[in-house]
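Take a look at the model, then read on for the details.

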Amino acid sequence: MEIVQQLIEFLGTFAFAISGIRHAAAKHFDWFGGFVCGVAVAIGGGTIRDLLLGVTPFWMTSPFYLICTALAQVFVIVFARSLKRLDNAWFVFDTLGLALFTIAGLQKTLDCGHAIWVAVIMGCITGAAGGVIRDILLNKEPLIFQKEIYAMASIAGGLLYWLLMVTGAHPGFASLLTFFFICLVRFLAMRYHISLPKLRGEED
C-alpha cells in the first residue's frame, strides 16, 4: 500500500501541476511564474494536510515532487499548441489531480491512525486546498467557493471510500472505485450544469 500511495501522489502531483501551469499560461505568466503556480497546486493541499497531521510535509522527503512539477512545465511548453486545441484540457487535469490527491489524503490520514471522518476532511483538504492557493496567486475567486461542484466531489468520494472500507473492501479496490467516482461526479456536474444552491443576501 505504501508503493500504491506514493504512485498516487506522484500522478496527482503531475496532474495538478499541469492544471496550475495551464492557468498561469492563460494569464501570460513567465516560466518561473508558471512553475510557482504548478508547485502551489501540486504540493499546497498535501502540505497543509501533513502540517495538520504533525508529519514532515511529503515534498520535503524527496525532490521527486519538484522534479515532477518541472517535467509538467516542460510538457505544457512542448505541447502547448496541442493542449490549446483541447477544450477544457485544464478541467481534465484538475479533475484527475483532485481525485488522486483526495485518495492520497485519505490513505495517509488513516495510516497515521486517525478516524475515517478525519480522513474524509483531510482528503478534501489535500485535493482542494492547492487550487485555492493557485487561484489566490492568479487573483481569481477560488473555485471551491463558486457554484461548480469541486470540493463536494472530493467529500463525496471520501464518503464512498469510508463506506467501502466499512464493508470490508480491499483498499486498492476502494481507491480505484473512489477515483472513478470523483471523476464521474465532476464530469457529470460540468456536463449537466449541476451545482449547489447559492446563498441569498439580505438585499435579495
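In H7, the residues Ala153, Ser154, Ala156, Gly157, Leu160, Tyr161, Leu164 and Met165 meet a set in H8 made up of Pro171, Ala174, Ser175, Leu177, Thr178, Phe181, Ile182, Val185 and Arg186; contact here means heavy atoms within 4.5 Å. Sorted by class, this contact of H7 with H8 has twelve nonpolar, four polar and one charged residues. For the classes, Ala, Val, Leu, Ile, Met, Phe, Trp, Tyr, Cys and Pro count as nonpolar, Asp, Glu, Lys and Arg as charged, and the others, Gly among them, as polar.

This is a predicted model, where local features need pLDDT of at least 70 and side-chain atom pairs count only at pLDDT 80 or more, while totals for chains, interfaces and linings use all residues. Residues are numbered from 1 along each chain as its sequence is written, and side-chain values use heavy atoms, with hydrogens and water left out.

Back to the helix pair: H7 covers residues 151-166 and H8 covers residues 171-191, and they pack at an angle of about 150 degrees with axes 9 Å apart. That makes H7 roughly antiparallel to H8, a label for angles over 145 degrees. The axes are lines fitted to C-alpha atoms over the stretch in contact, and angles run from 0 to 180 degrees between N-to-C directions.

Leucine 143 sits in the loop between helix H6 (116-137) and H7, while histidine 193 is in the segment after H8. Are they buried or exposed? Leucine 143 is buried, with a relative accessible area of 10%, whereas histidine 193 counts as exposed at 69%. Buried means under 20% relative accessible area and exposed over 50%, with a 1.4 Å probe and protein chains only. Leaving out residues up to four places away in sequence, leucine 143 touches Asp94, Arg134, Asp135, Glu148, Tyr150 and Arg186.

Each of the two also has a C-alpha partner:

| Pair | Apart along the chain | C-alpha separation |
|---|---|---|
| Leucine 143 and glycine 131 | twelve residues | 7.3 Å |
| Histidine 193 and glutamate 148 | 45 residues | 8.0 Å |

Zooming out, the protein chain has eight helices and zero strands. Helices are DSSP runs (H or I, at least four residues) and strands are runs of E (at least two), numbered from the N terminus. Buried residues make up 47% of the 204 residues. The C-alpha atoms fill a box of roughly 50 × 45 × 30 Å along the principal axes.

Key:
Parallel < 35°, antiparallel > 145°, perpendicular 65-115°, else oblique.
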